[in-house]
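Hi,

Here is the structure I promised to pass on.

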Amino acid sequence: MSTETESEATVLKTSIGRRAFLKASAAAGGGLLINFSWLSGAAAASGEAATDQAFELNAYLRIAPSGDITAMVPNPEFGQNLMTSMPMILAEELDADWEKVTAKQAEFEPEDYQRQFTGGSQSIRLAWQSLRMAGASARHMLRQAAAKKWNVPVEEVSTQKSVLSHAASGKTSTYGEMASEAAMIPMPKQVPLKNKSAFELIGQSRKNLEGLKIVTGQPMFGLDYQAEGMLVAMIEHPPAFGQTVDSADLDEIKKMKGIVDAFVFESMRPDYQKNYFDTTAFPSLIAIVGHKTWQVMKAKKALSAKWKAMPARTETIDRFGTAIEVKVPGGLESTDGHRKAMDNALDGELEVLRRDGDPKTAFEQAETVIERTYRAPLLAHNTLEPMNFFAHVTDDEVHVAGPLQAPAFIEGTVASRLNVPTDKVRIEMTRMGGGFGRRAYSHYLVEAAVISKQVKAPVKLIYSREDDMTMGIYRPTYTVQLKAALDENNQLVAYQVRGVGLTEHCVHENRFPAGAVDHYLAEGLVIPSNITTGAFRAPRSNFMALAEQAFLDEVAEAAGEDPIAFRLSLLERAKNNPVGENNDYDPSRYAGVLKLVRDRSGWNSMPSDVKKGVAAYFCHNSYAAQVVTVTQEGDSLPKVDQVHSAVDCGVVVNHDAAVNMVEGAVIDGIGNAMYGEMTFTDGKPDKRNFDRYRIIRMNEIPRQIHVNFVDNDIDPTGLGEPPFPPVFPALANALYRATGTRLYDQPFIKALEKG
């Protein structure tokens with residue numbers, strides 16, 4: 001049971017007004033700095049009856065007279081369990097009866113919610129305090145209402161499982177019974193939050209609030225979206241990157257059964273300054289619109305079109321407030337050309353990102369120098385649900401609905417393309433059937449809106465699997481050279497990383513082992529391309545973890561050290577005698593996951609014939625370490641047997657869901673490391689569907705995955721991405737011990753099959 005005084009640890013001074021944007025710049029309990037959007041039921045505040053008989057206490061919470069609580073989830077859900085974890089945070093501070101809580105996806109309301117963006121493992125981290133404050137404030141209002149109604153001091157009103165109580169008088173009331181009075185209470189001027197040690201819900205396991213809907217196939221995803229009079233649209237893209245529409249025989253298509261219209265359209269206004277998530281590949285597209293999906297697919301297949309080459313160009317893009325120039329070359333690109341371009345770049349000068357000490361002299365004077373080159377291919381996202389979006393453009397509004405990760409970044413784009421103010425755009429978010437970065441680039445939303453406006457009807461745009469795999473956004477391809485110097489005592493004295501990539505380089509110059517080596521050099525260079533690349537789960541880290549941690553494994557072997565002990569000694573140096581001041585990791589937390597995975601996996605007590613590999617990595621504010629063991633029978637390929645994971649992501653909100661996240665990252669990592677690869681020939685993707693694009697199969701996943709979390713009270717720091725990158729090198733290091741072959745190129749299957 002909670003009262004206002006017994007559990008409060010942090011009190012946030014606020015200036016809260018209904019439908020006002022609230023900024024709390026200081027916290028009496030801890031110097032917290034946050035931005036906080038606030039919404040309340042305006043109708044309830046003005047004394048009018050709530051139309052749905054539920055009372056909005058703030059943007060995030062509605063309580064019905066029955067006591068049913070609806071938690072509004074501001075961020076898009078794509079399987080990371082936000083629709084349960086975020087309500088758990090609200091319910092914890094509210095002291096709600098979890099059995100009464102349901103979740104609802106909020107619409108895009110940037111004035112009411114903060115950062116409605118799913119990506120970068122930031123959703124829980126950045127919403128943590130806001131969600132807590134929303135729950136705590138609603139509880140405060142309920143207690144105030146009860147105290148007023150019962151004429152007792154508010155300090156004597158306690159709460160537990162959605163029930164308000166006053167011990168002295170014996171009076172009780174449910175939240176539902178008190179909700180209408182609470183909705184009339186002014187927002188609190190300061191909000192007490194629970195001490196984390198008092199958490200009863202956070203840290204436990206709760207079933208997915210949408211689990212039943214998912215397993216019973218209820219309409220939830222963008223592809224499920226239906227509207228009266230809705231047409232179906234598909235798009236014919238140019239067959240190769242570097243091409244655009246020349247002409248198309250649309251008259252024949254329009255004669256086909258069920259086809260309503262077919263036309264060429266421009267995806268964006270030519271004078272629009274794109275943002276970071278606007279794609280640049282195809283300015284012109286061909287739309288085909290009909291009554292049924294099958295009819296449109298047949299018309300798309302029958303379409304005859306001609307294509308022409310696009311010239312090289314330079315575009316100015318708004319990169320989160322900074323205008324940058326991006327060179328987009330003309331011509332038809334191929335994977336062989338990409339490799340040559342990266343190799344040539346590594347033979348020349350790169351941009352120096354960080355230099356400590358005198359690396360040149362250190363390498364010249366070293367006892368042992370190890371140098372290796374690692375490569376990563378382009379990867380397709382392959383979301384289970386291909387891209388799609390609904391749009392209905394009328395004179396009054398642009399209503400769009402579907403799966404996307406970053407509504408704030410596409411709102412301005414669609415408003416510009418349709419020449420309407422942004423307040424005319426209404427974005428409704430559905431559950432996503434996978435994202436991994438792909439749906440941050442929601443150009444398909446704009447395309448759906450343009451098509452709807454053209455045909456003057458509601459439209460659902462659908463990409464086929466082939467459309468998305470061949471004309472999508474890809475994980476960039478990278479090449480990196482790593483060099484390490486050991487002195488006569490086998491101490492690591494110099495380290496160099498040189499990385500290049502299309503269309504970004506892969507170097508995080510301030511990450512480990514920066515800070516642990518006296519002489520350190522980091523360099524990088526970006527190579528332009530007309531193939532669209534972008535965010536892929538743990539961008540750059542998903543490759544650099546492999547290169548760095550597989551390389552350190554080789555260096556440790558050369559130094560005659562145990563791989564974990566070698567890393568721990570470097571982290572001890574970074575902690576006690578760091579080099580430089582800009583190291584972006586905490587050596588203690590880094591070492592913490594290594595020690596935890598060492599102990600839980602039994603690393604030091606495994607039989608000598610167990611083929612094991614270890615890796616640890618820091619990204620997206622969290623730390624993760626993996627130990628992978630593999631087995632091999634006869635001449636068969638090695639198979640992953642067990643994976644032990646250790647993760648430090650601060651407070652774990654929903655334990656079972658967090659375990660699921662790590663398990664998914666492990667399987668995803670093994671699959672992409674072993675099999676993932678997209679290649680190009682003359683601008684065309686060589687793989688169009690899963691018959692050629694290899695992904696992991698059920699019989700190839702680990703026999704067991706053991707997940708462990710570091711127990712601490714640090715605010716959540718992110719979980720979606722951090723467990724993913726270290727799987728790649730841990731697997732590579734285990735495969736080396738099984739086969740004797742060091743793996744420098746992805747996918748690993750190529751080197752393993754060659755023997």
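At 70% relative accessibility, N151 counts as exposed (exposed is over 50% relative accessible area, buried is under 20%, and partly exposed is in between, with a 1.4 Å probe and protein chains only). Its phi is near 60°, a positive value in a residue other than glycine. You'll find N151 in the loop between α3 (123-150) and β8 (157-160); helices (H or I, at least four residues) and strands (E, at least two) are DSSP runs, numbered from the N terminus.

Before going on, a word on the source: this is a predicted model, where local features need pLDDT of at least 70 and side-chain atom pairs count only at pLDDT 80 or more, while totals for chains, interfaces and linings use all residues. Residues are numbered from 1 along each chain as its sequence is written, and side-chain values use heavy atoms, with hydrogens and water left out.

D95 has a positive phi too, about 60°, although it is not a glycine. It sits in the loop between α2 (82-94) and β7 (101-105). Is D95 buried or exposed? It counts as buried, because its relative accessibility is 7%.

There are cis peptide bonds to look at as well. One runs from F512 to P513, with omega near 10°, and P513 is in the loop between β28 (492-502) and β29 (519-527). Another joins Q746 and P747, with omega about -5°; P747 belongs to the loop between α17 (727-739) and α18 (748-754).

**Aromatic rings**

How many aromatic pairs does the structure hold? The count is 28. For a pair, ring centres of Phe, Tyr and Trp (its six-membered ring) lie within 6.5 Å; planes under 30 degrees apart count as stacked, over 60 as edge-to-face and the rest as tilted. Take F241 and F680: the ring centres are 5.8 Å apart and the planes are at 75°, so this pair is edge-to-face. It links distant parts of the chain, 439 residues apart, with F241 in the loop between β12 (231-236) and β13 (243-248) and F680 in strand β33 (residues 680-681). F241 is buried at a relative accessible area of 0%, and F680 is buried at 2%.

F680 also forms an edge-to-face pair with Y474, at 5.4 Å centre to centre and 90° between the planes. This pair links distant parts of the chain as well: Y474 is in strand β26 (residues 474-475), 206 residues from F680 in strand β33. Y474 counts as buried, at 1% relative accessibility. Elsewhere, ring pairs link F117, Y276, F277, F320, F409 and Y441 into a cluster.

Some rings have a charge over them (NZ of Lys or CZ of Arg within 6 Å of the ring centre and within 35 degrees of the ring normal). The charged end of K612 sits over the ring of W603, 4.1 Å from its centre, and K687 lies over the face of Y693, 5.7 Å from the ring centre.

**Nonpolar cores**

A nonpolar core here is a set of buried Ala, Val, Leu, Ile, Met, Phe, Trp, Tyr and Cys residues joined through side-chain atoms within 4.5 Å. The largest one has 141 residues, of which I451, F543, F709, L731 and F748 touch the most other members. Helix α13 (residues 541-559) gives the largest share of this core, 11 residues. At least three residues come from each of domain 2 (222-315 + 387-462) and domain 3 (349-379 + 475-753), with domain bounds from an automatic or database domain assignment.

Setting aside residues up to four places away in sequence, F709 touches L596, V647, C649, V652, H655, A658, V659, V662 and L719 (contact means heavy atoms within 4.5 Å). Another core, of 52 residues, lies apart from the largest one and has A59, M86, L90 and A138 among its members.

**A buried serine and a record entry**

S452 lies in helix α11 (residues 443-455) and counts as buried, at 0% relative accessibility. Beyond its neighbours within four places in sequence, it is in contact with A391, H392, V393, A457, P458 and V459.

Finally, UniProt (unreviewed entry) lists residues 216-311 as "domain: Aldehyde oxidase/xanthine dehydrogenase a/b hammerhead". UniProt positions are given in the numbering used here, feature names are shortened, and annotations may be inferred rather than shown by experiment. Over residues 216-311 the chain is 16% helix and 33% strand, with the end C-alpha atoms 50 Å apart.

Cheers
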